[in-house]
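Please examine the structure shown below.

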Amino acid sequence: METTKNPRILIVDDEEKNHRLMTAILKNLSCVFESARDGRDAILKTVSFAPDLIFLDIMLPEMDGYAVCRLLKDNPDTRTIPIIIVTALDDKSSKLRALEAGANDFLTKPVDSTEVIFRTRNLLRIKQFEDFLKDHAACLEAETEKKTAQLNSAMQNLVRSQNSLKASYLDTIYRLTVVAEYKDEATVSHVKRVGLCCAHFAKQLGWPEERVELIKYASPMHDIGKIGIPSDILLKPGALTPEELALVKTHTVIGGKILQGSRSAFLRMAETIAVNHHERWDGTGYPGGLKGEEIPVEGRIAAFADQYDALRSSRPYKPPFDYVMAYRIMVEGNERMGPRHFDPKLLEVFKDTHKAIEQMYDQYKDAPASMI
């Protein structure tokens, strides 16, 4: 591997002749040399000079070569610098101590020039490769951080765009829903209350958060089919004729047809609710006369929420009932409806959490249609 700079070599020896000898042997390698005369100076020069290779004598003043080698190898900033121990000691124990201290190689004085050149070249190549890997890793890390920051920024922009799109989507659905309610009860709060009440029941039943959100925004579309029912029938203050009642009941089928075929999870659930929110637990509902768990759970929840809100709201044919009366009718029944119409599990949830539902009603009281 070719280098982009002249290698730096630090020679640590207390004898000047050894410095001259090593620089003479290595002069053809185009190296930059620095010298240190004792152990402490070797540590300081290593930090300031940043060598690519160190020739280190063992017998030094102040601090011997073993201690210097150990300190340099224990320091993360100097650990990768290769160290060749150069000494007149040629016994096995001295070599073992040098290796234990972290030395990369070992030369015995008097040194052989060919051996010095050979080992220097090998260790410089290793150091160059390690430096390349270190620099490459740093570049990769920097690039990764840059790309990660760009990705995070893109994801945040995407989330903001999705949230904005979702908000616009739900607002459009809400306003379309109000069109149907406008013809009937002249209130924009009814659809909000039904959505919140359905979400409350779904949460109490243990639904996951995503499905709770679905029913919250899908259930207000339960009466979208009323668009197809004449206003004079919907707003008729007196009793409907059998023919008129049959026509009103078709709003469930009309709503299903309006919403069918969508890929949106909101609209698919809204379709199920629109068709089934007048089915009754005892099988006396419409349009299919479904009974019990044959009725999709979304329809059962919306039926309960819609019926409770209808009791609390003003209608052309009745005044609003107060909280106590509405609770009694839902739990005990009257001549038109009763607990047999509702899923028993929902009745239990209602009994346990009716105060929370009442708070929702108080928070979103009826607002005139002119406020849309």
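The largest cavity is lined by R193, C197, A305, Y308, D309, I357, M360 and Y361. A cavity here is a set of points on a 1 Å grid over the protein atoms alone where a 1.4 Å probe fits but cannot get out, and lining residues have an atom within 4 Å of a point. This is a predicted model, in which local features need pLDDT of at least 70, side-chain atom pairs count only at pLDDT 80 or more, and totals for chains, interfaces and linings use all residues. Residues are numbered from 1 along each chain as its sequence is written, and side-chain values use heavy atoms, without hydrogens and water.

Three helices, α6 (189–204), α12 (297–312) and α14 (344–363), each supply at least two residues of this lining. Helices are DSSP runs of H or I with at least four residues, strands are runs of E with at least two, and both are numbered from the N terminus. The largest cavity holds about 60 Å³ of space, a volume being the space filled by probe spheres set on the grid points, which are joined across faces, edges and corners.

How many cavities of 30 Å³ or more does a search of the whole structure find? The search finds 2.

A salt bridge is a side-chain nitrogen of Lys or Arg within 4 Å of a carboxyl oxygen of Asp or Glu. Because D343 lies in the loop between α13 (323–332) and α14 while R300 lies in helix α12, the pair ties together parts that are 43 residues apart in sequence. D343 counts as buried at 7% relative accessibility, and R300 is buried at 13%. Buried means under 20% relative accessible area, exposed means over 50%, and partly exposed lies in between (1.4 Å probe, protein chains only).

Helix α12 takes part in another such link. E298 forms a salt bridge with R211, the closest N and O atoms being 3.1 Å apart. Since E298 lies in helix α12 and R211 in helix α7 (residues 209–218), this pair ties together parts that are 87 residues apart in sequence. E298 counts as buried at 13% relative accessibility, whereas R211 is partly exposed at 29%.

Key: On a 1 Å grid over the protein atoms alone, a cavity is a set of points where a 1.4 Å probe fits but cannot get out, and a pocket is an open set with protein on both sides within 12 Å along at least five of seven lines; lining residues have an atom within 4 Å of a point.
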